Amino acid sequence: MARRITYVLASAVFVLAASTHAARAQEPTRVQGLVTNDNRQPLSGVSVGIAALGVGAFTGDDGRYSFTIPAGRGTGQPATLTARRIGFQPVNATINLSATTITKDFILGSSPTQLEGVVVTALGITREKSQLGTAMQQVDAAELNRTKDQSIVNQLAGKVSGLNVTGSGTQGGSTKLTIRGTNSILGNNNPLFVVDGVPVSNAARSGSPNGGNATTGGMDFGSAVNDINPDDVESISVLKGPNAAALYGARASNGVIVITTKKGRATQGRVGTEFSANYSWDSPSILPEYQNAYGQGFGGDFKFVDGAGGGVNDGADESWGPKLDGRLIDQFSGAAQPWVANPDNVKDFFDGGHTMSGNLAFRGGTDRANARLSLGAENVQGYIPNNKFQKISGLLSGTMQVTPKFSADATLQYINNDARNRPGVGYNTGILEQFIWFGRQVNMDQLKAKRFDENGDLYNWNYNYHNNPYWIQFENPEADERDRFIGVASARYSILPWLDATVRGGSDIYALDISQQFAKGNLNWSVDPSYAGGFAYTTDSRSETNIDFLLTANRQVTSKLDMNGTFGLNRRSETFSSKIQQTNGISVPLIYNVSNAAITPTLAQNDTRRRVNSVFGSASGTYGGWVTLEGTIRNDISSTLPIGENSYVYPSGNLSFVLTEAFPSLRSNTLSFAKLRGSVARVGTDADPYSLQTTYAGDSRKFGALPLFGLGNTIANADLKPELTTSTEAGFELGFFNGRLSVDATYYQKTTDNQILNLTVSPTSGFTSVAINAGEIENKGWEVLLGATPVRLGNGFEWTTSVTWARNRGRVNELSGSLQTVTLGSAWGATVEARLNEPYGVIRGLPYARDSASGQILTDDDGYPAFGARRVLGNIQPDWTGGWSNTFSYKRFVVSALLDVRQGGDIFSISNMFGQYAGVFKESMYGREVDFDDPGVTFRGLNENTGQPNTATLTSEEFHHGLFQLHEAFVYDNSYVKLRELRVGYDLPANWAARLNSRAVNLAFVGRNLFTSANIPNIDPEFSYTTGNFQGMEFAPLPNARSFGFNLRITP
Amino acid sequence: MTAQTTLRYLSGLGLVAAIAGCDADAITKVNENPNSPTNAPAGAVFTNAVQSGIGRYLGWNYNGRGAALVIQHLAETQYPDDDQYKLFDANSTSGYFNTPYTSELEDLQKVIESGTEDERPAVAAPALALQTLIFQYITDTFGDIPYSEALKGDGEEAILQPKYDLQKDVYAGLLASLTKAAADLANPGAVTLGSADPIYSGSPASWQRFANTLHARLALRLINVDPTTAATELQKALTGPGGVFRSNADNATMRWPGDGAFNNPWADNFKSRDDHRLSQSLMNAMLANSDPRIPIYAQPTVSDPTKYAGMPNGLSATAAATWFNTSSRPGAVFYPGATAYGFYGGTGASFPQQILTYAELQFIRAEVANRGIAGLTAGQAQGFYNDAITASLNQWGVTNAGAIAAFLAQPGVAYKGGLDGLKQIATQKWIALYTDGGNAWAEWRRTCQPAGLVPGPAAVVNYIPRRFRYSTTETSANTENLAAAVARQGPDNLGTRMYWDTKPTAAPTCS
C-alpha cells in the first residue's frame, strides 16, 4: 500500500512542480460584489461568473466575490453575470465590461428544489442544470446533514426520488442501495460512488439470513462507502441511470453517486473554523412482542437437569412449557424456582446506545491558494452489550492557482474504522437468534451476572443450541478495523481560453482486518469441544487506481451558440486480496495466535485483479440558451472478457429544451420555467475476473499429509460478452409562481440483455452451473420530485415542502432456452428468484393447499393445514417508494421532518416462522389461551380427503409446529412509513456567535427513526444483510436504531 | 511555441500514451487466475474424492440422519424430525443426489480420464472402482439416475441435461466397470496412486480384490429381479482376476486422520449433537443373543449404567425426549473424547470406517451357497456364515475365541439352513453393517430382513422409505429427463421401489 500512497503523493508533487510560470501583470476588468440571502445574510459558496467567457469565482465566507477578466477579453461589451448557489434561484445581471472595477451585489431567494443552477455532473464537471437532458438530483450538505446517521448513504433516504435506501440496523452495517431497480440478475446492482472524481469502493462483507458464513461468522461488516465523513461533503449528485452517467463507463448502468467534498476558499487571511458535534441516544426501534403466559418446555412440561435433554424437555429451547403461574420448577438458575414470566427479558438484554461525533475543520486561503483541513471522530456505544465503534477521519485538500493558466489541486483522506464485538446476524450466528426461540421465564439478569459455571464452563439457560448471549458478546472477542486512504491529485492547464487539459490520478486503498476469537466451550461449529478455543482472522485489501486525462472545451461559437466538449482517457486498475486463517481448535486457552493452533489452520487466499482502459468523449451545443443537444461515446477494453469481446463501444445522446426560454411568451406569473428533456443511452458491463476458465481449488488442510484438489463447479465460458443496458428516458421540469412550486418528473425504460448468468445446470453433468450470456431484464418507471414553498410570510415564517416519489417495475423478459428461473437466494425452502415473465425478485415457496372450487384452505385428517404446490407468493420490489420532507422556519427556529415511505413488496419472515414455531411470539398464544390443550386449534378449513369442514383439533404446539416451512403463512407486506428525520434547530443570537468568532451557531434537537409504522409484526421491516441481490428474506435482523439527541454546529 | 511549452505538450502526450498504450494481450494477462490452477495432479484429486465421497455416504447426514434411522440402527431423542421422515422431503435430501456428482464423481472422472490418457491403469482403475461404489449408493438411494450421459458438462459436446438411465442399465454399467477395473489392474504399469490413495496406498492387487468384492455385492442386489444375471455376475466376481478379499486385512478402510481437520464424521457430529441413541430394533436383536458387540456398538444408559437399551424409532418430540437418559448412546469408540455436553473418552475422531469388508463378502458367499448358485453349494453356507460373523466380531474388536464360539452357539445365531438360514444371514448382515446405513438399508429392501421393521408412531408416512426423492435442482435444471424417469419408475415419493426391489415375492426371505 505504501507504494501506492507514494504514487499519489508523487503525482501531486509532479503537478505542483510542473508549474513554474509566473503571471505577467495585466490590465484587467475586476468584478466584485456581495451576495446575500433574503434575510441579508451573506451567502458563501455562491458561484458568480460569466459563462460565455468562462470566468468567475465563488463567494467567500463573508459573501463577497471578486474575479478579474484579462485585458482585451470582451472589453467594452455587455456580458451576463450570473450568481448561482445550490438551493437558491439563480439571478442574472448584465454588466458592461469596462477595464475597471465593477461592483455588483446579488440577493438570492431560496428554492426548495432546484430546476436551474449549477450542478455537479459526470466526471465532476459543473453544468447548468437547465441544459441537462438527463435526470439527476443534487443534495447539498445542509439537507444531507439535517440529522446524523453513521452512514452517509442512510442520510440520503427519502431525499432522492428513485434512490431506494435500505439500512441494515446493525451499527456500521451495510446499506442496500438501488436506483431504478435491478439491471443485472447476478451481477452488481449497486450504484458507483465517485468522490472528487475518484471512484471509491462500496464493497461489503455481508451476512445473510442464514448466517452461514464460516469465515466471518455471518457478520455484516458494512458498506465501505460509509467511510466518507458526511461533514466533509459539500454536495451529492445522484445521476440516476445510464443516461446521466454514460461517461463513467461500465459501472454507470446502475447510476452514479457523485460526492464532492468541501474545499478551501479565499478567506482574506482569516482562518475559517467550522465545528459540529452530535450526541444521541440509540435504542432498537422495534422488538418482537412476546407471549408471557407459558414458559420453556414442550407439551406443558419442563424440569431442568442439564439443559441438554437430561431433564424433562430441558433440551427444548421453545416455550410450550408449563403456565407461568408461579409454581416451583427446577430451572437453570437452581432447584425449585418460581415459574414466572419475565416479560422484558429480551428488552433487558439491550443496552442504551450512545453515539458521539464531532468534526472540526479549518479553511483558509488567498486568491491563489487555499486549503481545508478537516478532522472527524465518531464514537458509538452500540445498543448491543460490549459493542463499540470508533471512526476517525482526516481530510486535507488544497488548491493552487499557480499561474492564470495553470492550477492544481489535491485531496487526501484517511479514515480509520474500528469496531469491537460487532453483533452477528442470521440464523447460525445472530446475536438475536436465540430470542426468536428462548424460554419466556428466563431471567436475563441471571445470564448477565454469570457467564461461567463453577467449573469455568458456559453458564446458560440451554446447553443444546445456544451460548449465553453475554458470553457471545464478552467471551468471543471480535474486532475489525479498516484503514483507508483516498487520494486524488489533478493538474489543469488552460491551453486556450476555451480549452483546458486535466491530468488526474486517484486511488482508493483500504485494508480490512477482521479478527474473531471463540472461547473454549463455545457451542456450534466454531470451537471443537476437545480444544481450548478457536479463531478466524481475515485480511482484505482492496485498491482501485484511476488515471485520467481530460480535454475540456467550452466555447461560445456565436452569440447564440455555446459548444462544450470533452475528450478523455482512463485507465482503471483494481486489485482485491483476501487472506483467511482459521482454526476451531487451539492448545492453550486464551492465546489466539496462529502459533497456538492445535488443529492445522485452514488458510485461504484469493487475489483478483481487473483492468479497464477507456477512451471517451462528449460534445454538446446550446443554442440561444434554450436548447441543448449532447452526445457521448465511450470505448472500454476490459481484462475480464476474452480477446475479441473485450472492447466494446457505447453511445448516448440527450436533448434539453427550455420552453420558457424558447418561447418567452409562455412565461407568466404562474409558469416561470418549463423544460422538456429526453435521452437515450447504452452501457456495457464486463464479467467478474477469472470467469473464462474452469479451475481446480486446493484445500490448505492436508488429509493426513496428502494435498487435496477438487475441480470447480462452474463450467467456464471462454466466449463471454459484456452485458448491455439500453436506457431511454424523458422528463419535464416545471417551475411555477416564481419558483414557489416546482415539478421534476422522469419516465424511463431500460433493458439489460446479454446477462452474464451462471445458469444452473443439472448437477449430474458434474457441474452446478455454466456461465452464459442470456436473458433480458426490463425496468421502467417514474420518478417525481415536487417542491413547494406553500407559505412565506412577511414576518419570516416559511414553510417549504418537498416530495419524492418513484415507482419501478422490473421484469424478467427473457432467460436462456427452457430456463424458467434463476435463484437469487434461498432459506428454509423458500427462494427469491428472477423468474421468466415475472417481476424480478419473486418469492416462491409452499402455499396452503386450497380447495379449487371454494378457495378454502384444506387440512389433513389430523387437522394440520395441508401444503399446496410450490408457487409465487410475493415479490420483493416495492410498488413505490417516496419521501415527504417539510421544513418550517421562523426567525431563528427551523423545524424539519422527513417521512420515508415504502409501499408494497413482500418479505418472507423467518423470524415470524420460528417465533411462532418456538411458541415465544405473541401470535403463538393462538389456541392456548385457556389452558395448554384446551381449547386447542381447530383450523378453519376443509378436510382434503372428505371435503367436509375440519373438525380435528390440534394443540397450539402441534399447530404452530405444523406451520413450519408453510411459507405462505409467513410472507408479509413490506410496506412501512418511518419518521426518518426530525430536527428542531435554533440559531443562537448573532452576538453569541460573534463571541465565538463565528457567523452562526446552531443548536438542534435531532431524531432518527423516531416512529415506524409497518404491516409486518415483530421485526423492523427495513433490513439488509448484504448489498447483494439476495433480498426479501430475514431472520432476526438487528432493528434500526431509534435515536435522538443534540447537534451543535458552528459555521465560520 | 517556446521550448518550455513544447516540453509541456510533449509530457502531456507522454502521459496520454502511457494511459492508452496497453495492447490487448497485456490486458488479458491480467485475467490469469493466480489462485487456482487449470490442472491438478491426479493423486491430489483422487484423495479429495475419497474423503469427500466416503465422508458423505458413511458420514453423518446421509447415514446418521438418513439411512441409519430408516434401517433402525439408530433413533433420535431430540428434534426427531429425521426419524419421523419429516426431513426426507426433496429439498432436504437433494444434496445426497447433487453434490456427489459435482464433487467426487466428477473429480474421479478427471482421474479416470487423465489415467487413461497417460496409460496408467493403476491410476484410472482404482478411480473407476471407487466411482462405481459412489454410483451404487446414489442409484440404491434414488433408483433411475443419470449415468451414461452424466459427468459430461465440460466436454466438447457438453451434456448439461443428462438423461436418466434405467436402474437396470446403471447396474449393468457398474458391473461392466468393475470387470474392466479388475481386468485393467492385471497389468497395472509402473505408476500407481501411491500414498495419494488413503485406502490401499495405491496397491493394484488390493484394488483388484476391492473391485471383485464390490462386484459380488452389486451382483447379489439383482438376485430377486434377475437371478440369471445375478448368478453369472456373482460367479464372475468370485472368480475375477486377482480374487476377492481373503481376510479382514483386505478390508477397504477409511482411516480418518482425526486431527480436527478431517475427523471420523460420526465423532464430528457427536462433538456438539446429543440426539442419537441406539434403535430398539437393533438393540433388541442383539440383546436376544447376548451379542458381544453390544458394548462396542453402544454405551450403557445414563439412568442405569449396568444396562443397555434401545429406544423406539419415530416418536413424537415429547415422547422421544423421555428416552434421553434411558436408552444407549452409540459406542464410546464413536465419540471424540470431549463433547459440548460431556466427556466420553475415546479416540473417535480417528476411528476408522469400513467401506467394504471381508465379513460382507462371506455373508454374500453364505447366501450364494445357500441358494446353490455361482458354483457354491448349500453345504458350504454354514462355514461362510460362521466365518462372516467371526470376521465381523474380529473387525469390531471381539477376538476372544470363547466369546465368539459362545455367540455362534446361541440358538438364535446357530445356522439353521434353508429359508431360515437365508433370514439368519440377512439379519446378521444387517447387524454387521452397523455404521453403513446405506448398504444395510439396501439389503433390507432386498431381503425384507429383519422382518417386522415398521415406522415409528409419529412418522409422516406409514411405511419404511424405499428411496429418497429426486433433487429439487433437477426439477428445474433437468425437467424433462426427470419427468421421463418418474413416469417410468413410478411416483417420486418415498415408497416407490427400486428395480431390484420390485419382485418381493421372488425373494425367498420376504414374507
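Let's start on chain A, with A:Val271. A:Val271 sits in the loop between β17 (256-261) and β18 (272-284) of chain A. Strands here are DSSP runs of E, at least two residues; helices are runs of H or I, at least four; both are numbered from the N terminus.

A word on the source. This is a predicted model, where local features need pLDDT of at least 70, side-chain atom pairs count only at pLDDT 80 or more, and totals for chains, interfaces and linings use all residues. Residues are numbered from 1 along each chain as its sequence is written, chains are lettered from A in the order in which they are written, and side-chain values use heavy atoms, without hydrogens and water.

Now, the interface. Contact (heavy atoms within 4.5 Å) takes in 75 residues from chain B and 78 residues from chain A.

How many salt bridges does the rule find across the interface of chain B and chain A? It finds 1. The rule wants a side-chain nitrogen of Lys or Arg within 4 Å of a carboxyl oxygen of Asp or Glu. B:Lys271 pairs with A:Asp528, and their closest N and O atoms are 3.2 Å apart.

Which elements of chain B touch chain A? Those supplying at least two residues each include α1 (3-20), α3 (42-57) and β4 (338-339). The largest share of that side, 8 residues, comes from α5(B). By type, the side of chain B that touches chain A has 35 nonpolar, 25 polar and 15 charged residues. Nonpolar means Ala, Val, Leu, Ile, Met, Phe, Trp, Tyr, Cys and Pro; charged means Asp, Glu, Lys and Arg; the others, Gly among them, are polar.
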